Amino acid sequence: MQHRTLGHTGAIVTSFALGTMTFGAEATEETSHGILDSYFEAGGNFIDTADVYSSGVSEEIIGRWLAGRPGLRDQAVIATKGRFPMGTAPNDVGTSRRHLTRALDDSLRRLGVEQIDLYQMHAWDPITPLEETLRFLEDAVSRGKIAYYGFSNFLGWQLTKAVHVARSQGWNPPVSLQPQYSLLVRDIEFEIVPAALDAGIGLLPWSPLGGGWLSGKYRRDQRPSGATRLGENPERGMEAWKARNDNPRTWTVIDAVEGIASDHGVSPSQVALAWLADRPGVTSVILGTRSKEQLADNLAAAGLELSADEVTRLTQASQPGAGIYPYGPMAQEQRSRKMEGGR
């Protein structure tokens, strides 16, 4: 795996991070510890979790793993998140100082660490003033509870506003953004990626295989079944089977991925991950796996080099649809300028 700086900081992370949403839900503690061991043996150093994953159990599993392996804490870069409900009361959710104070302390306790390397707001909070959230994060950095902070699922204007509010107050700015990003989900390239590049913020894509669609496990017009995420729940979240199966673009992308995978003799997952890891602004791609076997296959993407023609083929096949305005070709031309003049 490549080593890259975490956004505009001097902290070094590997180009593939280990996502742990499956821990305590789709993977037992024993399996989860085996996945962690395999990831670090392969050279990885970046763990991503959240308080809401399995209602805190994911953090606890990681905490017990760290406690049983003295010395690894110094190698690991640990990221977690707060914002989503950890109870049913009005103040058990959000990015207010009141909620985050408890959420951060609870995450530190469950992980068994004195400092969280990257603390992320799991989503925008339309109720809490942004200044309140950013001041809490500044205080958390000053007190040594967190080293850096970032966001997840923010829009472009939300990210830009946060950056400039922090800078205007002389506070530490955010360093990362965790968006959904894959060959099947590229709309963030219209506004969010440019905003991140402008601010020097590192992208940490989640769901890089589109909920399993880019792994080659699903077939056209064949409703999934069995021990897969969509097999267990075909209407699961944003990757629900019917909507994607009915979209011709889905199969255009999958056909391109599988064709290139066949040429290289590798899995479709490796092709999709290799393409994403080299996109502008991407710091580390978050891998979510149920087993050591899935992890090993995914990590093999680090050694796959796609040719310029293959990258172009994938990029063209997955081009997100854009209306006439403001993202269509003519609208983009309005925002362009040639050095020598003219259009």
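## Basis

Residue numbers start from 1 along each chain as its sequence is written, and side-chain values use heavy atoms, without hydrogens or water. In this predicted model, local features need pLDDT of at least 70 and side-chain atom pairs count only at pLDDT 80 or more, while totals for chains, interfaces and linings use all residues.

## Nonpolar core

The largest nonpolar core contains 95 residues. Such a core is a set of buried Ala, Val, Leu, Ile, Met, Phe, Trp, Tyr and Cys residues joined through side-chain atoms within 4.5 Å. Buried means under 20% relative accessible area, exposed over 50%, and partly exposed in between (1.4 Å probe, protein chains only). The residues with the most contacts inside this core are F46, Y119, L134, I146, F151, L214 and L314.

Apart from neighbours within four places in sequence, L214 is in contact (heavy atoms within 4.5 Å) with S182, L183, L184, P208, L209, V253, I254, V257, P268, S269 and A272.

N153 lies in the loop between β7 (146–152) and α6 (156–169); helices (H or I, at least four residues) and strands (E, at least two) are DSSP runs, numbered from the N terminus. S207 is in the loop between β9 (202–203) and α8 (229–232).

N153 is partly exposed, with a relative accessible area of 33%, whereas S207 is buried, at 18%.

## Cis peptide

The Y325 to P326 peptide bond is cis, and its omega is near 10°. P326 sits in the loop between α13 (308–317) and α14 (329–334).
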